[in-house]
Amino acid sequence: MKKLLVIGIGAGNPDYITLQAVKALNRVDVFFIMDKGQSKDKLIDLRRELCERHITDPHYRFVEASSPERERGDVDYRTSVDALNLAKQRTFERLINEELADDQCGGFLVWGDPALYDSTIRILQAILVSGTCAFEFEVIPGITSVQALAAQHKVALNQIGRSVEITTGRRLAAGQVSDADSLVVMLDAQDAYQHVEDRQTEIYWGAYLGTPDEILISGKLEEVAQQIERVRKAARQANGWIMDTYLLRKP
Ligand SMILES: C[S@@+](CC[C@H](N)C(=O)[O-])C[C@H]1O[C@@H](n2cnc3c(N)ncnc32)[C@H](O)[C@@H]1O
């Protein structure tokens, strides 16, 4: 039976990898690499570096597949995500069918943790349900960008006994109402913190967390929001892409 390992590699710092993930890396014959966009080269380099550093018997190989892109513009967001996941499913099926022998182990190196805003697990479940390929799979957890953010700012995510909600910049900008007093925002393409009405809200913002380019800014929105927008724009221009996450804490 083919085996697949979905391995969380942490969200930036090569030292975020866990001992369980290192053991998993050493079981893999074929790594499937699926990144896209301008961040592609740096993120692929980190994956290669992790393999070179931690794999003791280098019998493995990499297979790169160009990752389908989500249709943007006028199309409904949910429809475009479903179409993207179906295209990814076809790619995964081809990789598993054509690149992996029956007794071999394939590996997906997932940024951060596979359970957080990543479709790998959902796609593998969908393939199993569809019956187009037969395999077993395991998930190895990783350190998320949310944990990296909290650690770098030396802040607890929740207030004592209270809830934490994780959401997207898209939902925050659309006026999502949340009764959690700690809100973590990811995948923000539009400076959604500028839509928060209460400017006394504290923000703990982090970009390129765990990497040499890391930037951290924190304070009340009324004091730092403009600075974050400026720094964010400049960093995106300088690097060609940005990954950032932030915690919003109601006063
Ligand atoms: C597709 S999600 C993947 C999340 C990932 N699975 C995780 O566990 O963090 C990508 C989003 O994660 C956040 N992110 C990932 N790595 C980051 C980093 N090193 N610094 C800041 N934010 C990061 C950003 O919000 C980015 O838009």
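1. The centres of domain 1 and domain 2, taken over C-alpha atoms, are 27 Å apart. Domain 1 covers 2–140 and domain 2 covers 145–249, with bounds that come from an automatic or database domain assignment.

2. A word on the ground rules: this is a predicted model, in which local features need pLDDT of at least 70 and side-chain atom pairs count only at pLDDT 80 or more, while totals for chains, interfaces and linings use all residues. Residues are numbered from 1 along each chain as its sequence is written, and side-chain values use heavy atoms, with hydrogens and water left out.

3. Now the interface. In domain 1, 13 residues are in contact with 18 residues of domain 2 (contact means heavy atoms within 4.5 Å). The two domains bury about 1,200 Å² between them, 63% of it on carbon and sulfur atoms; buried area is the accessible area (1.4 Å probe) that two parts lose on being put together, summed over both. On the side of domain 1 that touches domain 2 there are 7 nonpolar, 4 polar and 2 charged residues (Ala, Val, Leu, Ile, Met, Phe, Trp, Tyr, Cys and Pro count as nonpolar, Asp, Glu, Lys and Arg as charged, and the others, Gly among them, as polar).

4. Where does the ligand lie? Domain 1 and domain 2 both give residues to the shell around the ligand, so the ligand lies between them. This shell holds 16 residues, of which Ala 11, Trp 111, Ser 145, Asp 244 and Thr 245 come nearest (a residue is near if one of its heavy atoms lies within 4 Å of the molecule). By class, the shell has 9 nonpolar, 5 polar and 2 charged residues.

5. Backbone atoms deserve a look here. A polar backbone atom of Ala 11 is 2.7 Å from a nitrogen atom of the ligand, and one of Leu 209 is 2.9 Å from a ligand nitrogen atom. For Asp 244, a polar backbone atom is 2.7 Å from an oxygen atom of the ligand.

Methods
A polar contact is a pair of N or O atoms within 3.5 Å; within protein, one must be able to donate a hydrogen and the other to accept it, and residues adjacent in sequence count only if both atoms are side-chain atoms.
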